[in-house]
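Please walk through this model with me, beginning with a pair of residues in neighbouring strands and widening the view from there.

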Amino acid sequence: MRPLYLTGISLWSPGFRDLRAFVDDARDASVIDCSARWVPSRLARGTSRLTRMLGEAAASACEAGGADPRTVSTIYTSGYGEIETMIVQLQTIFAGDGQLSPMRFKNSVHNSASGLGSIGQGNQAFSTAIAAGDRSVEAAMIETWTLLDERGGDAVISAADDALPAPLDAQCAREGLAIGLCIASEQPEAGALAMLDGLRMDDETPPLPEAFRGRALSRELATNPVATLLPLIDAVLERREGRVPLAFGVARPWSIRVRPLAAVRT
């Protein structure tokens, strides 16, 4: 398949409003939610923070990459999807009066962010939502590569997983993280951050990332499936050519080769 070009990166996490703050480790305790600017406020009522995280990552990556939000293809991915809304729905069925909220039910589906973002921008281009557990980033990259190889154009990958709700948090405590990548099938005249090629399956099982730009990652952040993209971001920021895995702690992960082309403006 043809190489792809990374044109924009975004990041949001509780305490970090954007990629620059995360790179600089400039934590702001007041940052506890995001806006999902692609979605009008009327449509955003009743959405989960995960939906807003996916929307924010997609909008910011698209803006950073100079793509058109009305025509760009979108690939949303999350290991657990709208798990918080689903838990509330199940509690209502089994311990409450069984009367499900239509608004909450509407927002419990895995493609909530995809649908709301497309409606908000009047975007009728390809859009999908993927849930593949700890391999969700891999699945999203393969989907994106196949799409752009066949159709060309621009696509945004929006990957996000929030902290798990009770009782699941007792099994695995995680910190919320959303990352967006804007990717083009052709190198734009304005330039690209990196060329991506060499998508393949490897034999080695890479361990969880322990650090990002020299600082240790918490276990709660490193175990978030979206943290898989941190080594890719680090390679682009450091302008370091090499292969990066698209999943950690799994057998036969997929990986890609990153060839940095330009400095990132955070």
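L11 stands opposite I179, a residue of strand 5. The model is a predicted one, in which local features need pLDDT of at least 70 and side-chain atom pairs count only at pLDDT 80 or more, while totals for chains, interfaces and linings use all residues. Residues are numbered from 1 along each chain as its sequence is written, and side-chain values use heavy atoms, with hydrogens and water left out.

Strand 1 (residues 4–12) and strand 5 (residues 177–184) pair in the antiparallel sense over seven bridges; helices (H or I, at least four residues) and strands (E, at least two) are DSSP runs, numbered from the N terminus, and two strands count as paired if DSSP finds at least two bridges between them. Strand 1 is also joined to strand 6 (residues 194–201), again in an antiparallel manner, by three bridges, and here L6 has A194 as its bridge partner. Nine of the nine residues of strand 1 are buried, where buried means under 20% relative accessible area, exposed over 50%, and partly exposed in between (1.4 Å probe, protein chains only).

These pairings belong to an open sheet of eight strands, in the order 3-2-4-5-1-6-10-9, with mixed pairing. Its edges are strand 3 (127–130) and strand 9 (242–245), each of which pairs on one side only. From one strand to the next the twist averages 30 degrees, with axes taken as lines fitted to C-alpha atoms (for helices over the stretch in contact) and angles running from 0 to 180 degrees between N-to-C directions. In general, the strands of a sheet pair through backbone hydrogen bonds, either parallel or antiparallel. The parallel sense is found between strand 2 (residues 73–77) and strand 4 (residues 154–161), which share five bridges, and T77 stands opposite A159 of strand 4.

Turning to the helices, helix 7 (residues 136–151) has 16 residues and reaches 22 Å from its first C-alpha to its last, close to the 22 Å expected at 1.5 Å a residue, the expected span being 1.5 Å times one less than the number of residues. Among its buried residues are V137, M141, W145 and L148, and just after the helix G152 takes a positive phi of about 75 degrees. Helix 9 (residues 230–237) is mostly covered, with seven of its eight residues buried, including L230, I233 and D234. Just after helix 9, R239 takes a positive phi of about 55 degrees. L221, in helix 8 (residues 219–222), is counted as buried because its relative accessible area is 5%.

In the loop between helix 1 (19–23) and helix 2 (41–44) lies D25, which has a positive phi of about 55 degrees although it is not a glycine; because its relative accessibility is 43%, D25 counts as partly exposed. R252, in the loop between strand 9 and strand 10 (254–260), likewise has a positive phi, near 50 degrees, in a residue other than glycine, and R252 counts as partly exposed at 43% relative accessibility. The loop between strand 4 and strand 5 contains P167, and a cis peptide bond, with omega of about 5 degrees, joins A166 and P167.
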